[in-house]
Every structure is written in structure tokens, then in C-alpha cells.
Amino acid sequence: MTTRTTWPVVRVLRDRDAGLYLSGVVVSGFGTSALWLASGVWVKDLTGSDGLAALCVLALWLPTLAGPLLGTLADRVRRKPLLIGVNLLLGALLVALVGVDAPGDLWLLYAVLFVYGAAGAVHDAAESALVTTAVDPLLLGDFNGLRMTANEGVKLLAPLAGAGLYAAYGGASVALLDAATFVLATGLYALLRVREEKPVPPTGSRRERTAEGARHLWAHPVLRPLVLAGGATMLCAGLNGAMLYAVVDDLGRSPAYAGVLYAVQGAGSVAVGLLSGTALRRLGARRFAASGIALLALAVALRAVPSDPVALACCAAIGAGLPAVLIATLTSVQRETTDALLGRVTATANTLVYAPNVVGLAAGAALVELVSHRLVLVALGVVLLVTAVLLRPPFAGAGPPSAGVSP
């Protein structure tokens, strides 16, 4: 009786395996966030080139385009040993960056970052699939919300720590820190008490197996609208992100003020992560996601108003609204997909949802030089609002769109 009346977030935190998962997310996420910032600064210091520094982000993101193919690995072997192996591989690769100290060594940094991104796609697919064997299905929304909270909380601290470590000891020290976090995460994953069946040998060609994830998403009445809305939202989020420094200029602030806005946005994401499980149970996945996108639409449009209080409020609302569709989509994928397909479907969904963000950032970087950022922000708000309306279930009396998200 006590367990049923305990706040679901507390129930997740009390679960041994869920706690180990979240600890692993925090530990490895800290190192990843620190390296993400330091790698660009590292290249900038060695070459003086903004373009070469930006290639660090491209090297990390490019492998996500191969997510459907990489996700098949998570369905071919047991997920726990795969997670441990990926973490150890990344830890070993990062140690190689100790030798990067001249422009001619940058090929090694880019190569490691590319493998880092590819391994991350496999890691995310395997982790998401393994979670379903360790966490109560009714608590998956709470777990994914806490995972978002952990990720965003780490992002508030890790870049500062990485920048400080880089300034004091150089890029190699940040790489070694990240390597150490992967080794520690390996130990946490090794402690998980999960029982996995040996995967059934695959049938069909590699192309057919890779395409199964996309076919499952497209044919599924719950997952298809969520993934499409997620991709559209992240495209708009990328365009919105590219307007950041124009917004800061409009406020009459220095570029460093962007750090304040990022921190406020992160705080909004931390807050919504704690409430997402309850919201999913009460609203269902589509309504929860649509509500978040609608809030995001309002906040993005209002960023066109050159006011500090409005800008801060909008950043908090963006932080609260954007994660809703991401949490709803991941949770629905976990609940609506069989274990044999879960790695491929997760990786494919991640590619379809997150890859448009990169396109949006690139397009926004060009657009902000040609068009008033205020006009772009208002237009994005309208597009996001239309996305929210299309995603919302057709009538208010409908129950949650999936039995998995009902109370």
C-alpha cells in the first residue's frame, strides 16, 4: 500500500537498477558535456579557425545519420555487455587525445569525435532497450523525465568545469576526465541486475533488418505522429537556437549573456523532467507532447520582444516545453516496441527526431544574416503551434492514445 501511494519519482529513485542507470547517465554525461565545449576551444586555440572549431560538432553529430544501421547492433547482442564494451572503447579512445598538441594532430581529434558520435548512437539504443527490462513499464515516463533532468542538470555544470580544466591544464586533461567518467560508468553498468535472453539469430539481409525500425515507426499509429512532430519541433528548435545571439544583441547585452539564458533554459528542463511521468499518465503521450510544443511556440514567438524579463521567461518556457515531445516519443517507443526490435527502432527514432536539429542550426546560421530575427521567431512560433494542433488527439474526450500511458 505504501509503495502505491509513494510519489512515482521517489519510487524510481528507490529502485536499485534505475538508480544505477541514472548515476551512469550523470557520470558519462558530465564528461561528454565537458568535452563537447573543450574540443571546439581546443581547435580554435590550435588553428585560430572558427570553421575548423565548428567541425567538432559536425564530427559528433554526423554519425547519427547512420542511426538505423548502428541501432541493429543493439538487437544482435545482449545489451548490458554491449554497454560495458562501448564505454570501455570510448575510454580507451579518449586517452589517445593526449598526443594532440599541434594543428597537424587534429585529424586524430576529429576521428575520435566521429567514433565517439557513432558509439554514442549504439550506446543510446542499447541503454534505452535495456531500461525496459529493469524499470516498471508504468514508471518509464518518470524514469525518462529524470534522465532528462539529470542530463540538463549536468549541462549546467559540466561546460564550466570543462572550460576551467582546459584553461588550467589544456585539452588533454579534459579528454582524460571524460575517459575516467566512461570507466566509472562501466562499473555502474556492471552492477546492474538484469536478466537478458540471448537474441534470436537475425533473418533477412542487413538492409532489410536496418529498415525494420523505420517500417515499425511508420506503420504504428502512436509512434508515427510523435516522431514526425518531434522532428518538426527539433528543426524549429535548431532555427530558434541560431537566433540566440541576435536576441542577445537586441537586448543590448554582451555575448556572454547567452550563458545566463542557457542556464535559465536548463532550469526549465530540469523542472519538467520531474513532472513528466505524472503528466504522461494524466494526459497521454500525444496530449503531453502537444502541450509542450504549444508552450514552446508561445515562448519562441515572444522572444521577438526585446525585454530582459520576457527573454528570461521565454527561455524557462522553452526549457520546459521542448523536452515534452522528446520524453513522450522515447517513452512511447519503449512501450510500443517489441524487445527484438527496440534497438533499431530507438536509433531510427533518434535519427528522425534529432537530425533535423542540425539542419535547423545550419539553416538558421545563414538565415539570421538575411532576415530579421524577430520575423523568423514569430514564423517559427506559428509553425510550432500548427504542429501542436496537428499532434493533439482529435477530440478532448479521447483517452490516452496508448494503453501503456494510462494510469
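I looked up Val115 and found it partly exposed at 33% relative accessibility (buried means under 20% relative accessible area, exposed over 50%, partly exposed in between, with a 1.4 Å probe and protein chains only). Val115 sits in helix H8 (helices are DSSP runs of H or I with at least four residues, numbered from the N terminus).

Note on the model: it is predicted, so local features need pLDDT of at least 70 and side-chain atom pairs count only at pLDDT 80 or more, while totals for chains, interfaces and linings use all residues. Residues are numbered from 1 along each chain as its sequence is written, and side-chain values use heavy atoms, with hydrogens and water left out.

Entry, surface patch. I listed Leu52, Leu55, Leu58, Leu62, Leu65, Leu89, Phe114 and Val115 as a nonpolar surface patch with about 650 Å² of accessible area together (Shrake-Rupley method, 1.4 Å probe, only the protein chains shown counting as cover for residues). Patch residues have over 30% relative accessible area and no salt bridge, and nonpolar side chains (Val, Leu, Ile, Met, Phe, Trp, Tyr) are joined within 5 Å. Helix H4 (50–61) and helix H8 (106–134) are the elements that give two or more residues. H4 supplies the largest share, three residues.

Entry, helix packing. I checked helix H3 (residues 16–47) against helix H9 (residues 140–169): they pack at about 35 degrees with axes 7 Å apart (axes are lines fitted to C-alpha atoms over the stretch in contact, and angles run from 0 to 180 degrees between N-to-C directions). I counted 21 nonpolar, four polar and three charged residues in the contact of H3 with H9.

Entry, salt bridges. I searched the whole structure and got eight salt bridges (a side-chain nitrogen of Lys or Arg within 4 Å of a carboxyl oxygen of Asp or Glu).

Arg79 pairs with Asp339, with the closest N and O atoms 2.8 Å apart. Arg79 is in helix H7 (residues 79–95) and Asp339 in the loop between helix H16 (308–336) and helix H17 (342–367), 260 residues apart. Arg79 is buried at 6%, whereas Asp339 is partly exposed at 42%.

Arg147 and Glu127 meet at 2.5 Å, N to O. Because Arg147 lies in helix H9 and Glu127 in helix H8, this pair ties together parts 20 residues apart in sequence. Arg147 is buried at 13%, and Glu127 is buried at 3%.

Asp308 and Arg253 form a salt bridge at 2.8 Å, N to O. Asp308 is partly exposed at 22%, and Arg253 is partly exposed at 38%. I also noted that salt bridges with shared partners join Asp124, Glu127 and Arg147 into one network.

Note on methods
Patch = residues over 30% accessible without salt bridge, like charges linked within 9 Å, V, L, I, M, F, W, Y side chains within 5 Å. Nonpolar A, V, L, I, M, F, W, Y, C, P; charged D, E, K, R; others polar.
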